Amino acid sequence: QVQLVESGGGLVQAGGSLIVSCAASGRTYSTYAMGWFRQAPGKEREVVAAIMWSGPLLNYADFVKDRFTIVKDNARNTVYLHMNSLKPEDTAVYYCAASTKSPSDNSVYTKYGSYAYWGQGTQVTVSS
C-alpha cells in the first residue's frame with residue numbers, strides 16, 4: 001500500500017501563486033510516477049501534470065503549461081505542484097496520485113486509470 005497526503009491548498013487571488021505538496025509513504029518503491037489531478041464541481045477529474053520518479057516522462061495539461069510546474073523530491077518521496085498566474089477557473093480540489101504502471105507509452109501517466117493510489121485532495125480556490 002501507498003499512502004498519499006496532500007497539503008498546501010487554500011484561497012488565493014487571481015494572478016497569485018500557490019504550492020501544493022504530496023508526501024508519499026509506504027511501498028513507494030512500487031510506484032513509477034506521480035500525478036496531479038483536479039476536479040471542479042460538476043466536472044470530471046482531469047490530469048494536471050505527471051512526473052516519473054526516475055525516468056524521462058513529464059506531462060502537462062495544455063491549460064497549465066507555462067503556469068504550473070511539477071517538482072519531485074526523491075529523497076523525501078514528495079511531489080510538489082507550483083502554481084503561478086492562477087485563474088478563477090483553476091478552482092478545484094487537487095488530488096495527487098501514484099502509479100504502479102511501467103511507462104508503456106508517452107501518455108500513460110495522463111490517464112486516470114493508470115493510478116492505483118490517491119490522496120484525499122486539497123481545495124484550491126482562486127478569487128477574481
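Student: Which residue forms a salt bridge with Arg38, and how far apart are the closest N and O atoms?

Tutor: In this predicted model, Arg38 forms a salt bridge with Asp90, and the closest N and O atoms are 2.9 Å apart. Arg38 belongs to strand S4 (residues 33–39) and Asp90 to the loop between strand S8 (78–83) and S9, so the pair ties together parts that are 52 residues apart in sequence.

Student: Are Arg38 and Asp90 buried or exposed?

Tutor: Arg38 counts as buried, at 7% relative accessibility, and Asp90 counts as buried at 1%.

Student: Which residues are linked with them in a network?

Tutor: Salt bridges link Arg38, Glu46, Arg67 and Asp90 in a network.

Student: How many salt bridges does the count come to?

Tutor: The count comes to five. Among them, Asp62 pairs with Lys65 at 3.2 Å, N to O; Asp62 is exposed at 64% relative accessibility, while Lys65 is partly exposed at 45%.

Student: And what about Arg76, which side chain does it meet?

Tutor: Arg76 meets Asp73 in a salt bridge of 3.1 Å, N to O. Arg76 is exposed, at 60% relative accessibility, whereas Asp73 is buried, at 18%.

Student: Changing topic, where does Asp105 lie?

Tutor: Asp105 is in the loop between strand S9 (92–99) and strand S10 (117–118). With 32% relative accessibility, Asp105 counts as partly exposed.

Student: Which backbone nitrogens lie by a polar atom of its side chain?

Tutor: The backbone nitrogen of Ser107 lies 2.8 Å from a polar atom of the Asp105 side chain, and that of Val108 lies 2.9 Å from one. Leaving aside neighbours within four places in sequence, Asp105 is in contact with Leu57 and Lys111.

How values were computed
Residues numbered from 1 in each chain as written. Predicted model: local features only at pLDDT ≥ 70, side-chain atom pairs only at ≥ 80, totals over all residues. Heavy atoms only, no water. Helix = DSSP H or I, 4+ residues; strand = E, 2+ residues; numbered from the N terminus. Buried < 20%, exposed > 50% of the residue type's maximum accessible area, 1.4 Å probe, protein only. Contact = heavy atoms within 4.5 Å. Polar contact = N/O pair within 3.5 Å; in protein donor to acceptor, adjacent residues only side chain to side chain. Salt bridge = Lys/Arg side-chain N within 4 Å of Asp/Glu carboxyl O.
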